[in-house]
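Hi everyone, thanks for coming. Please have a look at the structure on the screen, and I'll talk you through it.

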Amino acid sequence: MTDPRILKLKPGDTIGILGGGQLGRMLALAAARLGLKCHVFSPDPDSPAFDVVQNATCAEYADVEALELFAADVDVITYEFENVPSSAAMILAARRPVLPDRSILETTQDRLAEKDFVTRLGIGTARYADVTSAQGLRAAVATIGLPAVLKTRRFGYDGKGQAIIRDGADLDAVWDDLATRAAILEAFVPFEREISVIAARGADGQVVCFDVTENEHRHHILKTSRAPAAISDALAAQARGIAETIARALDYIGVLAVELFVVPGADGPTLLVNEIAPRVHNSGHWTLDGASISQFEQHVRAIAGWPLANPVRHGDVTMTNLIGDDINDYERWLTIPGASVHLYGKRDAQAGRKMGHVTEVTAPRRK
Ligand code: AMP
């Protein structure tokens with residue numbers, strides 16, 4: 001099989017995308033602009049990515065025959081979510097290059113493995129402890145202190161599978177509510193802001209980062225991203241350096257996002273890594289309208305073996321997520337001068353569901 005390091009797609013070739021959400025949809029749109037086709041594999045018949053591609057497979061990730069047919073139809077395979085079952089990734093990787101490499105999923109699907117990996121690189125994280133029982137939780141609380149955040153090791157996103165523990169909490173009840181046997185307890189970080197770095201690494205090892213983004217969450221879900229983040233140039237360089245170190249250590253090919261906390265300190269702010277997402281990321285959506293190249297095109301270029309671009313930002317950029325009922329406002333957004341509106345075509349506006357986003361670009365602030 002072709003070594004991913006020498007793989008080079010040609011216009012007209014096909015990228016296989018695992019997962020059919022809005023990230024897959026925007027990846028497919030970016031690929032189309034570069035003359036590449038996409039085949040989306042997703043178990044959900046209502047996948048937003050199905051709307052924009054000609055080739056789609058609606059099947060479970062355990063459906064070996066469907067996976068084999070999918071692999072036979074594509075030239076390279078990528079994914080738009082990190083919880084790709086390892087059995088599916090293994091079957092596909094035996095047939096086609098899977099980028100980023102499937103071994104990366106093992107690190108990033110598990111919060112404990114991910115934190116251990118980041119710590120081994122000498123990069124800071126919140127203090128953390130492995131928890132496998134109510135008794136273990138009591139011991140971890142004694143070590144880490146309160147407040148703290150208890151998180152399931154796997155399958156957590158947008159604040160799901162998490163509980164903040166404060167003084168006086170009933171630890172047995174908190175443990176029972178999380179309904180897991182594999183969790184980590186993290187010290188609660190008194191951050192002054194949350195930022196992220198969207199980085200791309202090409203097959204040749206070149207790493208290119210977008211400008212650092214500042215993120216605000218509402219009910220644990222990303223609401224607003226602003227680029228550039230309101231941090232010093234030195235701290236931004238440090239954040240990009242962390243993302244680059246992680247991308248190199250993972251021997252990564254494609255776009256990845258590193259979420260960080262900025263923590264105030266007597267000697268100036270410091271950075272702690274919160275999470276690594278081995279994929280394009282919501283906090284990089286601003287790049288679609290706010291930069292000369294989007295995170296989606298950059299990912300496509302990386303996995304196609306094409307040159308990465310050095311992104312140029314068009315100004316100060318704000319990206320607002322349309323979450324749940326926010327979508328009812330789309331007509332108002334359509335009338336706002338300068339607003340670029342992206343709707344994902346989802347019918348059911350459940351609370352907390354990402355339905356679309358809007359980007360606004362203004363002239364750069366003077367320093
Ligand atoms: P996560 O799913 O780990 O990205 O967490 C979602 C959000 O919860 C983060 O973006 C933070 O706003 C908050 N959060 C997560 N972990 C911590 C922590 N250890 N201390 C403070 N806030 C946290």
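A word on the model before that: it is predicted, so to speak of local features we need pLDDT of at least 70, and side-chain atom pairs count only at pLDDT 80 or more, while totals for chains, interfaces and linings use all residues. Residues are numbered from 1 along each chain as its sequence is written, and side-chain values use heavy atoms, with hydrogens and water left out.

So, how many residues surround the ligand? There are 16, and the closest are K151, Q162, V189, E194 and E275; a residue is near if one of its heavy atoms lies within 4 Å. This shell divides into six nonpolar, four polar and six charged residues.

Now some atom pairs. A ligand nitrogen sits 2.8 Å from a polar backbone atom of V189. The protein buries 94% of the 480 Å² that the ligand exposes when taken alone, by the Shrake-Rupley method with a 1.4 Å probe.

Which residues does D326 touch? Leaving out those up to four places away in sequence, D326 touches R218, K223 and N321, where contact means heavy atoms within 4.5 Å.

Terms used: A polar contact is a pair of N or O atoms within 3.5 Å; within protein, one must be able to donate a hydrogen and the other to accept it, and residues adjacent in sequence count only if both atoms are side-chain atoms. Ala, Val, Leu, Ile, Met, Phe, Trp, Tyr, Cys and Pro count as nonpolar, Asp, Glu, Lys and Arg as charged, and the others, Gly among them, as polar.
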